[in-house]
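Me: I've got a new structure open. Can you walk me through it?
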Amino acid sequence: MKKLFLIIGAPGSGKTTDASLIAKEDDKYAHFSTGDLLRAEVASGSELGKKIDSFISKGNLVPLEVVVNAIISAIKGSEKSNIIIDGYPRSVEQMTELDKVLSAQNEINLRGVIEVDVSEAIARERVLGRARGADDNNEVFNNRMKVYLDPIEAIRKFYKDKNLLHIVNGERTIEPIVADIKKLIENL
């Protein structure tokens with residue numbers, strides 16, 4: 001049985017860095033982002049990969065059920081039994097579809113959803129401070145924050161009602177945040 005852990009948080013919360021550090025420091029964990037999973041599935045040449053490529057190659061969004069199937073396929077295909085996915089779900093629809101698929105199988109067990117909690121001010125400071133690309137500006141940040149905030153209360157409630165939601169203070173230095181997340185994962 002694979003153990004699945006989802007790490008969510010605002011843009012700039014550090015969720016991707018936190019998840020990748022945990023996987024890098026301890027080889028019993030695999031870390032995936034949704035985009036990486038889709039690219040890997042396409043590269044595998046599988047039927048699912050061909051289906052995904054038919055959307056991506058035309059510049060179209062990959063349908064929700066296909067994305068969830070790619071996530072499930074990657075988890076099942078990983079040699080590791082502890083899987084961390086960051087930044088997913090980002091919408092109520094993504095959450096609902098993942099829950100539906102997980103409920104219909106018995107190979108993957110969602111053990112926890114960890115939110116790396118930061119204020120909007122801290123998130124803005126981090127994203128605009130890193131300025132890695134053209135999308136790291138106020139206008140884009142405001143849109144990304146809105147996309148995060150719009151569904152977050154429903155996502156929190158859904159996972160809280162299932163006793164899966166755990167919140168970690170993301171407004172500290174990286175070492176204690178990663179240590180807290182890893183401790184949570186090890187105890188779930």
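Below is a short chat about selected helices, contacts and backbone features.

Me: What kind of model is this?
Reply: It is a predicted model.

Me: OK, helices. At what angle do α2 and α4 pack?
Reply: The angle is about 80 degrees. The axes of α2 (residues 34–44) and α4 (residues 64–77) are 9 Å apart. Angles from 65 to 115 degrees count as roughly perpendicular, so α2 and α4 are roughly perpendicular to each other.

Me: Which residues make that contact between α2 and α4?
Reply: From α2, they are T34, L37, L38 and E41. From α4, they are V67, A70, I71, S73 and A74.

Me: And how do the residues of that contact divide, α2 with α4?
Reply: Six are nonpolar, two are polar and one is charged.

Me: Now α2 and α3. How far apart are their axes?
Reply: They are 7 Å apart. Helix α3 covers residues 47–56, and its packing angle with α2 is about 115 degrees.

Me: Is the crossing of α2 and α3 left-handed or right-handed?
Reply: α2 passes α3 in a left-handed crossing.

Me: Which residues meet there, in α2 and α3?
Reply: L38, E41 and V42 in α2 meet a group in α3. The α3 group is L48, G49, I52, D53 and I56. By class, this contact of α2 with α3 has five nonpolar residues, one polar and two charged.

Me: Next pair. How do α1 and α8 cross?
Reply: They cross at roughly 70 degrees, and their axes come within 10 Å. Helix α1 is residues 15–25, and helix α8 is residues 174–187. The two helices are therefore roughly perpendicular to each other.

Me: Left-handed or right-handed, for α1 and α8?
Reply: That crossing is right-handed.

Me: Which residues of α1 and α8 meet?
Reply: On the α1 side, T17, D18, L21, I22 and E25. On the α8 side, I174, I177, V178, I181, K182 and I185. Seven residues in this contact of α1 with α8 are nonpolar, one is polar and three are charged.

Me: Let's zoom in on I174. What does it contact, leaving aside neighbours within four places in sequence?
Reply: I174 is in contact with T17, D18 and L21.

Me: Why does I174 count as partly exposed?
Reply: Its relative accessibility is 32%. Partly exposed runs between the buried cut-off, under 20%, and the exposed one, over 50%, so I174 counts as partly exposed.

Me: How far is I174 from N138?
Reply: They are 24 Å apart in space, C-alpha to C-alpha. In sequence, I174 and N138 are 36 residues apart.

Me: Back to α1. What does T16 touch, not counting residues up to four places away in sequence?
Reply: T16 lies in α1 and touches H31 and D86. T16 is partly exposed, with a relative accessible area of 40%.

Me: And how far apart are T16 and G87?
Reply: They are 71 residues apart in sequence. In space they are 7.5 Å apart, C-alpha to C-alpha.

Me: Now A123. Where is it found?
Reply: A123 is in helix α6, residues 120–130.

Me: Is A123 buried or exposed?
Reply: A123 is buried, because its relative accessible area is 0%. Not counting residues up to four places away in sequence, A123 touches A10, P11, G12, V118 and F141. A123 and P11 are 112 residues apart in sequence, yet 6.2 Å apart in space, C-alpha to C-alpha.

Me: Switching to rings. How many aromatic pairs does a search of the whole structure find?
Reply: One. F158 and Y159 form that pair, and it is edge-to-face. The centres are 5.2 Å apart, with 80 degrees between the planes.

Me: Last topic, the backbone. Which residues does a cis peptide bond join?
Reply: Y88 and P89, with omega about 5 degrees. P89 is in the loop between β3 (82–86) and α5 (92–103). Most peptide bonds are trans.

Me: And what is the phi of N163?
Reply: N163 has a positive phi of about 55 degrees, although it is not a glycine. Most residues other than glycine have a negative phi.

Me: Where is N163 found?
Reply: N163 is in the loop between α7 (138–161) and β5 (165–169). N163 is exposed, with a relative accessible area of 68%.

Methods: Residues are numbered from 1 along each chain as its sequence is written. This is a predicted model: local features need pLDDT of at least 70, side-chain atom pairs count only at pLDDT 80 or more; totals for chains, interfaces and linings use all residues. Side-chain values use heavy atoms; hydrogens and water are left out. Helices (H or I, at least four residues) and strands (E, at least two) are DSSP runs, numbered from the N terminus. Buried means under 20% relative accessible area, exposed over 50%, partly exposed in between (1.4 Å probe, protein chains only). Contact means heavy atoms within 4.5 Å. Rings of Phe, Tyr and Trp (its six-membered ring) pair if their centres lie within 6.5 Å; planes under 30 degrees apart count as stacked, over 60 as edge-to-face and the rest as tilted. Axes are lines fitted to C-alpha atoms, for helices over the stretch in contact, and angles run from 0 to 180 degrees between N-to-C directions. Angles under 35 degrees count as roughly parallel, over 145 as roughly antiparallel, 65 to 115 as roughly perpendicular and the rest as oblique. Ala, Val, Leu, Ile, Met, Phe, Trp, Tyr, Cys and Pro count as nonpolar, Asp, Glu, Lys and Arg as charged, and the others, Gly among them, as polar. A crossing is left-handed if the near helix is turned anticlockwise from the far one by less than a right angle, and right-handed if clockwise.
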